[in-house]
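User: Please examine the helix packing in the model shown here. I would like each reply to end on the value or name requested.

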Amino acid sequence: VAYKAQNNYQEVINTGLKALRELGERFPADPDRFTIVTGTLRTKFSLWGKSHEDVLALPPMRDEMVMGAMRIMHEMLPTTFMTRLSLSPLLICRLIQLTLAHGISTFSISGFSWYGAKLCGLG
């Protein structure tokens, strides 16, 4: 957050990636097209056949480490659109994958909102 206030967007990304690694979430610093397509397809398949009712029926997320990782991804997303666009689809997809695997958290809406925008061609 401090780096955002200083408009030091590269440090926001670098620090976020480092913190995510410490929580077991690894992302390439500059993903290539294959990695982006693979992550997007994995998410599409995870959502296949699920209705919005199915997603809303997921239990609340209890894992604090996963919630912490999701918070970092949520905080990083706006910055990735300004400085490292290739990273944003992977963060979006991972937010959804973690929600499906661990339940709904306050950061789940961020992943689904950005994913919807991506599907509409806005991101």
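Analyst: Helices α3 and α7 are roughly perpendicular to each other, a term for angles of 65 to 115 degrees. The model is predicted, with local features requiring pLDDT of at least 70 and side-chain atom pairs pLDDT 80 or more, whereas totals for chains, interfaces and linings use all residues. Residues are numbered from 1 along each chain as its sequence is written, and side-chain values use heavy atoms, leaving out hydrogens and water.

User: At what angle do the axes of α3 and α7 cross?

Analyst: Axes are lines fitted to C-alpha atoms, for helices over the stretch in contact, with angles from 0 to 180 degrees between N-to-C directions. The helices are DSSP runs (H or I, at least four residues) numbered from the N terminus. The axes of α3 (residues 33-47) and α7 (residues 108-119) come within 13 Å, and their crossing angle is roughly 110 degrees.

User: Which residues of α7 make the contact with α3?

Analyst: Contact means heavy atoms within 4.5 Å. On the α3 side, T40, T43, K44 and L47 take part; their partners on α7 are F112, Y115, K118 and L119.

User: Is T40 buried or exposed?

Analyst: T40 belongs to helix α3, and its side chain has a polar atom 2.9 Å from the backbone oxygen of I36. Not counting residues up to four places away in sequence, T40 touches C93 and K118. Buried means under 20% relative accessible area and exposed over 50% (1.4 Å probe, protein chains only). Because its relative accessibility is 13%, T40 is buried.

User: How are α5 and α6 oriented, roughly parallel or roughly antiparallel?

Analyst: The axes of α5 (residues 64-83) and α6 (residues 88-102) come within 9 Å and cross at roughly 155 degrees. Angles under 35 degrees count as roughly parallel and those over 145 as roughly antiparallel. The crossing angle therefore makes α5 and α6 roughly antiparallel.

User: How many nonpolar residues does the contact of α5 with α6 have?

Analyst: Among the residues in this contact are V66, M70 and T80 of α5 and S88, L91 and H102 of α6. Ala, Val, Leu, Ile, Met, Phe, Trp, Tyr, Cys and Pro count as nonpolar, Asp, Glu, Lys and Arg as charged, and the others, Gly among them, as polar. The contact has 4 polar and 1 charged residues, and its nonpolar residues number 10.

User: What is the relative accessibility of T80?

Analyst: T80 lies in α5, and leaving aside neighbours within four places in sequence, it is in contact with I13, L85, L87, S88 and L91. T80 counts as buried because its relative accessibility is 0%.

Key:
Helices (H or I, at least four residues) and strands (E, at least two) are DSSP runs, numbered from the N terminus. A polar contact is a pair of N or O atoms within 3.5 Å; within protein, one must be able to donate a hydrogen and the other to accept it, and residues adjacent in sequence count only if both atoms are side-chain atoms.
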